[in-house]
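Please look over the sequence and the model below.

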Amino acid sequence: MKNKTNTARALRFLSVGVVLSCLTAPVLAADYSPYPKAGVYEASDSRFERLLTVKSNGKFTLEVSEMGKPGQLRSGAGEGKLADAPGGWDFREGRCTMTLKRAAGGMQLHVEACASAWGDVPFDGKYRFQGEEAAAPAAKAAPAPKAMAAAAPAAAAVPAMASAPASAALPSRKELRQQWAPLSSDTVAGKSAGFWVRSSGGAAPASGLEHFSRAGFVVDASSVYDSLPPAELAKPPLKLVEVPLPMVSAREGLEFEVECRYGKSDKAVAVNVSSLGKGQQVTRKRASAWMLDASWQVVEIKPASKAKCPQARAGY
């Protein structure tokens, strides 16, 4: 009788264990990923800057550049997709092999026979996790625009203005170089302060006039991003001061006029709405005008017609 009781008790424990394992298995499967944590890893030293960027799908880019005075500095770069391997991950393409092993705070990277394909630079090192790709503090919302001419007559009616995305993440310099377009290059208070725009995906199909999702003044130590090493490209600029853009319809687009003058300043920017009328004729209306003051604060010029711009336009 005692043996039957023990057997029944053991069966109950076994059935409970099976149920619990069934309940936890999907959770574990959902948390599992065959790839390392997505983000930016860095292994720079006094001679070389090393940057490894891993995507959530296992794709990676590896960039190494020598530091020093401009001249015969070495650099190299590789890319591919990682595969799960014992103790970490690896990548193989021909003779080129890269292995990643788990290490505290990051990964230990080792490369073999990749010099001919990626460049003759030292890729090996311990790459420490720096954060998600292009992670940066949220851009602060610009203060309420100041009226530039309080005694001036009221501005003519213009299209409704969309608020600047106050909580939008500050893009990295790499994102600016790849996804934004600089329309001007100026200097304010000793810093580069060009006006940049980001397209929202090309021309509006009904008009051929271009739509934009973001625009603003990029304040940074330099605007020459092509010469920056990978580690610096992964960082955000000093500041992005966005301006609100007008809301446009399918038959409208945006234009930007740069190098505009207002008073003693020649760094103002005007935003125009272009409309496609009868006979495919394009008409333009000035929506707003903006400039930066010496404190890198955006200032609205009212009325917008007070900004005197050259004839050349950008953004359509």
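Two strands are said to pair if DSSP finds at least two bridges between them. Strands (E, at least two residues) and helices (H or I, at least four) are DSSP runs, numbered from the N terminus. This is a predicted model, in which local features need pLDDT of at least 70, side-chain atom pairs count only at pLDDT 80 or more, and totals for chains, interfaces and linings use all residues. Residues are numbered from 1 along each chain as its sequence is written, and side-chain values use heavy atoms, with hydrogens and water left out.

The chain contains four helices and 18 strands. Strand β6 (residues 88-93) is antiparallel to β5 (residues 83-85), with three bridges between them; one links Ala-83 to Asp-90 of β6. Two residues separate these strands in their hairpin, where Gly-87 has a positive phi near 80 degrees. On to the next strand: β6 also runs antiparallel to β7 (residues 96-103), joined by six bridges, and Phe-91 has Met-98 of β7 as its bridge partner. This hairpin too has two residues between its strands, and Gly-94 in the turn shows a positive phi of about 65 degrees.

Across the chain, 37% of the 316 residues are buried (under 20% relative accessible area, 1.4 Å probe, protein chains only). Of the contacts (heavy atoms within 4.5 Å) with a separation of 6 or more, 53% are between residues 24 or more positions apart.

What lines the largest cavity? Its lining consists of Asp-186, Val-188, Ala-193, Phe-217, Lys-267 and Leu-292.

Note on methods
Buried < 20%, exposed > 50% of the residue type's maximum accessible area, 1.4 Å probe, protein only. 1 Å grid on protein atoms, 1.4 Å probe; cavity = no way out; pocket = protein on both sides within 12 Å on 5 of 7 lines; lining within 4 Å.
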